Every structure is written in C-alpha cells, then in structure tokens.
Amino acid sequence: MAEQTVQFKVFRYKQGERPSYQTYTVRVDPRTTVLRALEQIRQEQDGTLAFRHSCFHASCGTCGMKVNGQEVLACVTNVLELGTPVVVVEPLDNAPLITDLVVDMGDFYARYQPAGMPMIRESEFLPDSQVPEGVEHHMRLENCIECGLCLSACPVAGSDPLYLGPAALAAAWRMVEEPRGRDPATVLAWVDHEHGCWRCHAAFECSEVCPSNVDPAGAIMALRRELTRRKIGQLFGRR
Ligand code: SF4
Ligand code: SF4
Ligand code: FES
C-alpha cells in the first residue's frame, strides 16, 4: 500500500512543565488511523508520549481526543481522509488535564451519580440470541460508550461547571424512556433546574461529535418536552 509522510503536531504537557506542541513526521498508508500513528510515534520516536486507548474499534470510549480541533475517537479516525498536511492532536476540553493527551474523566463519570440513584445499570442479557418471530433485528438501546466527546464539545459545560452535561442528561432520558424499576419522576426532578436540561442552548454540538448515535441534544429536548407535558398536566389536574 502506498505510504506517505504526514506531520503530526501533538500537544505535550508533563507536570511542572509548560504546555507545548511537538511535531513528528509519521509514515502513513490509506488505512492508518490517528491512534496507530500515535502508537508509531511512541514506539519509534518518543516513548514519553502519553495517550489512552483500549479496544481499537470504537467500543471502549477511551481514545477520545481533538484532531484538527474536532472531538473524535482516534482509533477510527483515518489520517489521510482528514486531508490536511499537518494533523493537530490535542486532549479533550472541559476535563482536567493529566498529561499530554490524557484527561481526568473522574468529573465526567461523577455527573452520572444523582443522589441515591446510580445511572450505571447492569447489562441485560437476552435469554437467547434468536430474533423473536416478527422482529427483524435486535436494536441496541444503550449506545453511550462514555467517551466524553460530547462534554468536550459542549460550550455550556465550558462555562458552567455545575452543568450536568450532555451524556448524563442523555442517560437520564434513557431512564425516563425505559425506567427498569426506577421512578421517572425522580429522574426528571434531578434534571429540572438551571444547571440541568434547561441550561442547554440547543445548538446540537454534542450530537454532531457523538460517535455512537446517542444524540444527547435530542435527548435533552425530549426531557424538556416531558417536563413541560407533566407541568401542564399538573396545572389542569392530569398526570
Ligand atoms: S446542545 Fe446543549 S448539551 Fe449539546 S453541546 Fe450544545 S449546549 Fe451542550
Ligand atoms: S453521548 Fe456520545 S459523545 Fe457523549 S459520552 Fe456518550 S457516546 Fe460519547
Ligand atoms: S480505543 Fe476504544 S474507542 Fe478507541
């Protein structure tokens, strides 16, 4: 496969040092992803470059970063398809920087924990893998891979540290849609405030970068509709 060289301008930061950018020249072919290129840099040029990954196939959510200013999963971002002579690689925004391309996801996960109501739910296993009669295919209902791309892209999260954020609000809507024993009213009360679903400015940046079809902004609009429906119902004595 025809190889060519591409320049990578990579954000660097080590504790106690000033942040900077370092440029590397990397051999790529038409199948090289940004994650593979970073691995090549680490193996052949600079063993101190830190980044995170696990699955290599858009499932674990750990390789989120900004490439040419856009939040992406590095493992499924093709270098040559970016079409730029220099590829700029930076860590996600709206999360504390640990080192190089690695951010602290602790705050992101903490947003999923309303008091006494953990958002993370056990997986459900189908009794068998047969598709029931009359059903064409199984649908995946829990799409979020907790990659944090949406939070990085969210301008409101950048200006309001108390904002629950797109992923947690999308998870809340899933619990309202499909409560599995939870009380939807409790979930709705958790998002019904100035740092909850009403804080979103509805420009859908989060949905644009989401690699897993969660559509967090759509979920936030659904939360608003459901809250409005219930409030109007209460006004007129209906549920
Ligand atoms: S649509 Fe709302 S949640 Fe999504 S990025 Fe914009 S402000 Fe944030
Ligand atoms: S909603 Fe999408 S972008 Fe946000 S964490 Fe989940 S998978 Fe990632
Ligand atoms: S390495 Fe798992 S999503 Fe990219």
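The model is predicted: local features need pLDDT of at least 70, side-chain atom pairs count only at pLDDT 80 or more, and totals for chains, interfaces and linings use all residues. Residues are numbered from 1 along each chain as its sequence is written, while chains are lettered from A and ligands numbered from 1 in the order in which they are written.

The protein has 9 helices and 7 strands; these are DSSP runs, H or I of at least four residues for helices and E of at least two for strands, numbered from the N terminus. Of the contacts with a separation of 6 or more, 58% are between residues 24 or more positions apart, a contact being two C-beta atoms, placed from the backbone, within 7 Å.

Ligand 1 is surrounded by 14 residues, the closest being C154, P166, C200, C206 and A217; a residue is counted if its C-beta atom, placed from the backbone, lies within 6 Å of the molecule. Two or more residues of this shell come from each of α8 (205-209) and α9 (216-235), and α9 gives the most, with 3 residues. By class the shell around ligand 1 holds 12 nonpolar, 1 polar and 1 charged residues. Here Ala, Val, Leu, Ile, Met, Phe, Trp, Tyr, Cys and Pro count as nonpolar, Asp, Glu, Lys and Arg as charged, and the others, Gly among them, as polar.

Around ligand 2 there are also 14 residues, and C144, C147, C150, C210 and V214 are the closest. At least two residues each are supplied by α4 (149-153) and α6 (166-177), with α6 providing the largest share, 3 residues. This shell has 11 nonpolar, 2 polar and 1 charged residues.

In α9, P216, A217, A219, I220 and L223 are buried. Seen down the axis of α9, the buried residues fall within an arc of 160°, so they line one face of the helix; the arc is taken over the directions from the helix axis to the C-beta atoms. The cover over the buried residues of α9 includes α4, α6, α7 (184-191) and α8. On the face turned away from the buried side, α9 carries the exposed residues R225, T228, R229, I232 and G233. Just after α9, G237 takes a positive phi of about 75°.

Technical notes. A residue is buried if 20 or more other C-beta atoms lie within 10 Å of its own, exposed if 12 or fewer, and partly exposed in between; C-beta atoms are placed from the backbone.
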